[in-house]
Structures are given as structure tokens and as C-alpha cells.
Amino acid sequence: MSYEEKNYIADIERYFLGLAGTGLMLSARDYGFIRELGGRSIPREMVIKAIAYGFETRRQRGVEEPRGLFNIKQEVEEYLKDRLTERESKCAEQPNTDFTRNSTIEESVKKLDRIIIEEQREDIKKKYKRLRQRVRETENLNSSTNVYKQLNFLWRDFVEDLFLGLSTDKQKDVTAVAESRLPSEAKFYDKDTKEKTFKAFRDEIVCETLGIKNVFTMK
């Protein structure tokens, strides 16, 4: 194994374990996956961002955090496929894609309608109404764009709006807790990865504080 390959594996291992927590070790299958990514010439920075995406996606879905890297292989591959702009023919799949897209949007709107009726906090109710409007607006966007990614983008904006609606003191408290959850390895992250990881923790804390669940992943 070359020096560069060892560093590649070590950096990715350190990042994953930093997010997953102490007391864990990578399995032979995990190392095999890392070597596979290296063999495909995937840059380590991209793999690290893909891992962050995998953790964030699982948190938003309310799924248990992975105990091994291979557990989020699907999320990692999804991120890499998007970033590497691997193009697949969509002509034959277009009718079914449109149906799935419209069904997903309609289901999301129905969930929001129920939440808006039940929400007693007027300031948050207004934010939900704005979110509902933006979900409806996605119907007019390019149908080739992944609807789940569009909704995820809207959810992040919604939570950002919730955070900005908190008092200054509360914002400071949430920020402090989010920073305390960053693993010690965060000092090795590049600026973009560190910011995404921090925001994932911050969004999670905002939702915990306000008793809010992700509209687009809840049953």
C-alpha cells in the first residue's frame, strides 16, 4: 500500500469516526469500501462531504446513526453520483418520474395543511404557510431535478428561518450547543465541510428546542 493510499484511508477513517463517536472501529468491509472509492479516483474531500451528507440525511429521517461507513454507502453513492454529474438516460423513465414527483409534492402539501391547522404558535404557523407556498412553487421547476433534494433545500431554509426567529440569547445558546457537538477532528475539516457539519447539528437543536419534525420525512 502506497503512502498516499494510507493517508487517504486514514483521513476518511478519522472523519467518519469523529462523527460516529468514540469507541467505534471500522470493519474490513468499511476499509474495502474506502479502497474502492480510492480506486475510482474519488477525491478524499468529496468522500468526506459525502459522509457528512450521509449523517445529515439520516438525522433528518430520524434514523439511527451508522455504526460503520458501509451503513451509509447508499447515501455516499447518492452524493457522489450527484456531484460527479453522472448522466443517465431519463427519457423512458420520464412519465414515472413525473408521477412520483407530483405525488411527493401533493403528500407534502397535505402534511403541511395538517400541521398548519394544529400549530398554535402564530409566528411558526406563518413560516409553515410560507413553506407550503414554496413547496407548491416546486411544481413549476424543472422536473428533471430530484424532488427530494428540492424539498430538502426548502426544509433547510425553513429551519434557518426558525433559527433567525429566535431571540438573540436563544440563538447564542443553540450555537454554543451545536459547537460543543462538533467532534474534535473538526479542526481538520475544510471550511465547507465544517460549516455543513455545524449547521446539521444546529438545525437538529433548533428542531429539538421547538418540538418540530421534518415535514418531508415524517410519516
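1. In which kind of crossing, left-handed or right-handed, does helix 7 pass helix 9? In this predicted model, helix 7 passes helix 9 in a left-handed crossing. Helix 7 covers residues 147–164 and helix 9 covers residues 191–210, and the two pack at an angle of about 65°, with their axes 10 Å apart.

2. The contact between these helices can be followed residue by residue: from helix 7 come Trp 155, Val 159, Glu 160, Leu 162 and Phe 163, and these meet Arg 202, Asp 203, Val 206, Cys 207 and Leu 210 of helix 9. Sorted by class, this contact has 7 nonpolar and 3 charged residues, with no polar ones.

3. Glu 56 deserves a separate point. This residue lies in helix 3, which spans residues 44–61, and Glu 56 counts as buried because its relative accessible area is 10%, which falls under the 20% cut-off. Leaving aside residues up to four places away in sequence, Glu 56 touches Arg 156 and Ala 200.

4. As to where the lining of the second largest pocket comes from, helix 1 (3–20), helix 3, helix 4 (73–83), helix 7 and helix 9 each supply at least two residues, and helix 7 gives the most, with 7 residues. By class, the lining of this pocket divides into 14 charged, 8 nonpolar and 3 polar residues.

Key: Residues numbered from 1 in each chain as written. Predicted model: local features only at pLDDT ≥ 70, side-chain atom pairs only at ≥ 80, totals over all residues. Heavy atoms only, no water. Axes fitted to C-alpha atoms, helices over the stretch in contact; angles between N-to-C directions. Helix = DSSP H or I, 4+ residues; strand = E, 2+ residues; numbered from the N terminus. Left-handed = near helix turned anticlockwise from the far one by under 90°. Contact = heavy atoms within 4.5 Å. Nonpolar A, V, L, I, M, F, W, Y, C, P; charged D, E, K, R; others polar. Buried < 20%, exposed > 50% of the residue type's maximum accessible area, 1.4 Å probe, protein only.
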